[in-house]
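Here is a short briefing on one protein structure. Keep the 3D view open as you read, and find each residue as it comes up.

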Amino acid sequence: MLRIRRVGICGTDFHAFAGKQPYFKYPRILGHELSAEVAESSGNFQEGDRVVPVPYIHCGTCPTCLCGKTNCCPSIRTLGVHTDGGMRELMPVPEKNLMRADGLSHEQVATVECLAIGAHAVNRAGLEAGQWAAIAGTGPIGIGTLHFARLAGARTIAIDINPERLDYCRKIIGVDACVDGRENIVDQLREITGGQLPGRVFDATGVPAAMEAAFEYVGHGGRLILVSIVKGSISFADPLFHAREMTVMSSRNATKSDFNLVMDTLREGKIDISSFVTHRCQFDEIISTFDNWSNPSTGVIKGMVSL
Ligand SMILES: [Zn+2]
Ligand SMILES: [Zn+2]
């Protein structure tokens, strides 16, 4: 049994709260970005141990799990999505889904799941040092992806339609270049990369038209990593795709090794979350606060609930 201490809020939660998340069945307790303490000693964990729950409950026995891809087990049940999550004082989580989070603050721990999505996408991409990597969409997932692409040695490009977010990427993350998504994106990418276009492009926009446009951003022989998921189909022009011998891949959730990388990176101070968490409230304030946090004009990047 866990005692929940922090819950990070993300887009999934807002969509579910608004009743617009097609995969949700209600009632549902939200909350999948968690920091917790062990409430009762059991197995390898003692009461009071600080832990991060890996919220993807996987079967552990299917061929996908057995080859280590527990993030996309066909019978995955994500806490706070398919099954009840952490917006409650006490919560049961299987021991195999707990990881020790010593040396991190509760607030840092509650950002691990969100940042791990980006770490996983960068791992999928097989980045080479010095390679140009463009990330479209600079919400929390895009920000995490930019951090890990930069730490992997890539030259990073942030693409967004929001100039304040681009400012954040420049000042806080230290990206090498920014592209204004309101202007011609391909032209700007060509200029930045000396005409070659980026070898790796990540989409974290959650917008179908932006995902389709991203096929045009990828250099010859490059890879497009779709971190976003949207309802329905996306399409692309085959001659463009074929001429570039492009690899297109999705990136879903994260694995324990991604969680470990994120925690090590936070411990080493290579990612500072002090400006990533922009909004905070107490558990009993959440109903009155939640709608406000879904409004981009409040400058929200990551909201955090304390219990
Ligand atoms: Zn999330
Ligand atoms: Zn499985």
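Six aromatic pairs are counted in this structure. The model is a predicted one.

**Aromatic rings**

- Start with F24 and Y26. Their ring centres are 6.1 Å apart, and their planes meet at 25°. Planes under 30 degrees apart count as stacked, so this pair is stacked.
- F24 is buried, at 7% relative accessibility. Y26 is partly exposed, with a relative accessible area of 45%.
- Next come F236 and F241. Their ring centres lie 4.7 Å apart and their planes stand at 50°, so the pair is tilted.
- F236 has a relative accessible area of 40%, which makes this residue partly exposed. F241 is also partly exposed, at 22%. Buried would mean under 20%.
- Which residues do ring pairs link into a cluster? They are F14, F17 and F290.

**The zinc ion**

- Three residues supply the protein donors of the zinc ion (ligand 1): C10 through SG, H32 through NE2 and E33 through OE. These donors lie 2.1 to 2.3 Å from the ion.
- Along the sequence, the donor residues follow the spacing C-x21-H-E.
- C10 sits in the loop between strand 1 (2–9) and helix 1 (11–17). H32 sits in the loop between helix 1 and strand 2 (33–38). The pair therefore ties together parts that are 22 residues apart in sequence.
- Are C10 and H32 buried or exposed? C10 is buried, with a relative accessible area of 14%. H32 is buried too, at 5% relative accessibility.

- Helix 4 (112–125) packs against helix 5 (residues 140–151). The angle is about 50°, and the axes are 7 Å apart.
- How are the two helices set, given that angle? They are oblique to each other. Angles under 35 degrees would count as roughly parallel, and 65 to 115 as roughly perpendicular.
- The crossing of helix 4 and helix 5 is right-handed.
- On the helix 4 side, the contact is made by C114, L115, I117, G118, A119 and V122. On the helix 5 side, P140, I141, G144, T145, F148 and A149 take part.

**Q131, a loop residue**

- Where is Q131? Its place is in the loop between helix 4 and strand 8 (132–136).
- Q131 counts as buried, at 16% relative accessibility.
- Leaving aside neighbours within four places in sequence, Q131 is in contact with G126, A154, R155, G199 and R200.

**T156, a strand residue**

- T156 belongs to strand 9 (residues 155–160).
- T156 is buried, and its relative accessible area is 0%.
- Residues up to four places away in sequence are not counted here. With that limit, T156 touches W132, A133, L146, A149, R150, V175, D176 and A177.
- A149 of helix 5 also takes part in the contact between helix 4 and helix 5.
- How many residues separate T156 and L90 in sequence? They are 66 residues apart. In space, the two are 41 Å apart, C-alpha to C-alpha.

Technical notes
Residues numbered from 1 in each chain as written. Chains lettered and ligands numbered in written order. Predicted model: local features only at pLDDT ≥ 70, side-chain atom pairs only at ≥ 80, totals over all residues. Heavy atoms only, no water. Donors = N, O, S within 2.8 Å, 3.2 Å for Na, K, Ca; no water. Helix = DSSP H or I, 4+ residues; strand = E, 2+ residues; numbered from the N terminus. Buried < 20%, exposed > 50% of the residue type's maximum accessible area, 1.4 Å probe, protein only. Phe/Tyr/Trp six-rings, centres within 6.5 Å; stacked < 30°, edge-to-face > 60°. Contact = heavy atoms within 4.5 Å. Axes fitted to C-alpha atoms, helices over the stretch in contact; angles between N-to-C directions. Parallel < 35°, antiparallel > 145°, perpendicular 65-115°, else oblique. Left-handed = near helix turned anticlockwise from the far one by under 90°.
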